[in-house]
Amino acid sequence: MRLTPDILMQGYATGIFPMAEHRDDPEVFWVDPQRRGVMPLDGFHVSRSLRRAMRKTSFEVSINQDFAGVVDACADRADTWINTEIRRLYIALHRTRQAHSLEIWDASQLVGGVYGVTLGAAFFGESMFSRRSNASKIALACLVDRLLDGGFRLFDTQFLTEHLASLGGIEISRAAYHKALNIACDLPADFSAPPVRPPQEVVQRITQRS
């Protein structure tokens, strides 16, 4: 049976997410890790060097301005789980405002970004990319600020990478994840409503929270 956007959202609601083995594999399979990566929204870590970079950067931030461009940039690497079918599904979710992107621009060039899916007060981060130094870190900082403003309670990163761990990401058990997911899915949140803030303002807000 071919996956549809509705089936995909049902999967997220039960704690699973889709992947492909590689770009050219037409098959998609479901993943339910025993240990789940999450980014505590009140525990995002910004190093001194990243704070300096955010204060001095000329990067600009946008929301949902180039969703397909972010997905394609995330897939533009030697080893990717984003195949044609997954690309189709997430673009369809974006059209129904269930998937969102945050873009980082250097003038007119898309140099970083992240995209994911929303369900209630849960944000399921799918992938991110960086074509300039600190671009993906700034994207995540701006995303966390936005999720806090929008009333989100859970930022699911699926797996914990060294990069995410350096920013405050942690692993939790499958049972703990499902408990947090059930709570978040029943709460309201809004990804689109908060204003788009520049990195300079975001880092100031992060500093005030810490």
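Modeller: A disulfide is a pair of cysteine sulfur atoms within 2.5 Å. This model is predicted. Searching the whole structure turns up zero disulfides.

Colleague: Why is C74 too far from the closest cysteine sulfur for a bond?

Modeller: The cut-off is 2.5 Å. The closest cysteine sulfur to that of C74 sits in C142, 16 Å away, so the two are too far apart for a bond. From the other end, C142 has the sulfur of C74 as its nearest, and C142 is in no disulfide.

Colleague: What makes C74 count as buried?

Modeller: Buried means under 20% relative accessible area. C74 has 1% relative accessibility, so C74 counts as buried.

Colleague: And what makes C142 buried?

Modeller: Set its value against the cut-off of 20%. C142 has a relative accessible area of 5%, and therefore it is buried.

Colleague: Why is helix α3 called largely enclosed?

Modeller: Count its buried residues. Helix α3 runs over residues 67–75, and seven of its nine residues are buried, so the rest of the structure largely encloses it. Those buried residues are F67, G69, V70, V71, A73, C74 and A75.

Colleague: What covers the buried residues of α3?

Modeller: The cover includes one helix, α4 (84–95). It also includes the strands β5 (99–106), β6 (109–119) and β7 (122–130).

Colleague: Let us look at α4, then. Where is I86, and is I86 buried or exposed?

Modeller: I86 has its place in helix α4. Its relative accessible area is 1%, so I86 is buried. Not counting residues up to four places away in sequence, I86 touches P18, M19, A20, V28 and W81.

Colleague: Why does R87 count as partly exposed?

Modeller: Partly exposed lies between the buried limit of 20% and the exposed limit of 50%. R87 has 32% relative accessibility, so R87 counts as partly exposed. R87 is in helix α4 too.

Colleague: Which residues is R87 in contact with, leaving aside neighbours within four places in sequence?

Modeller: They are A68, V71, D72 and I82. The C-alpha atoms of R87 and V71 are separated by 7.1 Å, although the two residues are 16 apart along the chain.

Colleague: Next, α5. What makes S136 count as buried?

Modeller: The limit is again 20%. S136 comes out at 10% relative accessibility, so S136 counts as buried. Its place is in helix α5 (residues 135–150). Beyond residues up to four places away in sequence, S136 touches M128, F129, S130 and H163.

Colleague: What about phi of N134?

Modeller: Most residues other than glycine have a negative phi. Phi of N134 is near 75 degrees, a positive value in a residue other than glycine. N134 lies in the loop between β7 and α5. At 25% relative accessibility, N134 falls between the two limits, so N134 counts as partly exposed.

Colleague: And phi of A107: what is its value?

Modeller: Phi of A107 is near 60 degrees, again a positive value in a residue other than glycine. A107 is in the loop between β5 and β6.

Colleague: How do you know that A107 counts as exposed?

Modeller: Exposed means over 50%. A107 has 62% relative accessibility, so A107 counts as exposed.

Colleague: Now the whole protein chain. How many helices and strands does it have?

Modeller: The protein chain has eight helices and nine strands.

Colleague: What percentage of the residues of the protein chain count as buried?

Modeller: Of the 210 residues, 50% count as buried. The accessible surface of the chain is about 10,100 Å², and 49% of that belongs to carbon and sulfur atoms.

Colleague: Which contacts join residues at least 24 apart?

Modeller: Take the contacts between residues at least 6 apart in sequence: 75% of them join residues at least 24 apart.

Colleague: How many charges does the protein chain have?

Modeller: There are 24 positive and 24 negative charges, and their mean positions are 7 Å apart.

Technical notes. Residues are numbered from 1 along each chain as its sequence is written. This is a predicted model: local features need pLDDT of at least 70, side-chain atom pairs count only at pLDDT 80 or more; totals for chains, interfaces and linings use all residues. Side-chain values use heavy atoms; hydrogens and water are left out. Buried means under 20% relative accessible area, exposed over 50%, partly exposed in between (1.4 Å probe, protein chains only). Helices (H or I, at least four residues) and strands (E, at least two) are DSSP runs, numbered from the N terminus. Contact means heavy atoms within 4.5 Å. Accessible areas come from the Shrake-Rupley method with a 1.4 Å probe; for residues, only the protein chains shown count as cover. Lys and Arg count as positive and Asp and Glu as negative; His and the chain ends are not counted. The place of a charge is taken as NZ of Lys, CZ of Arg, CG of Asp or CD of Glu.
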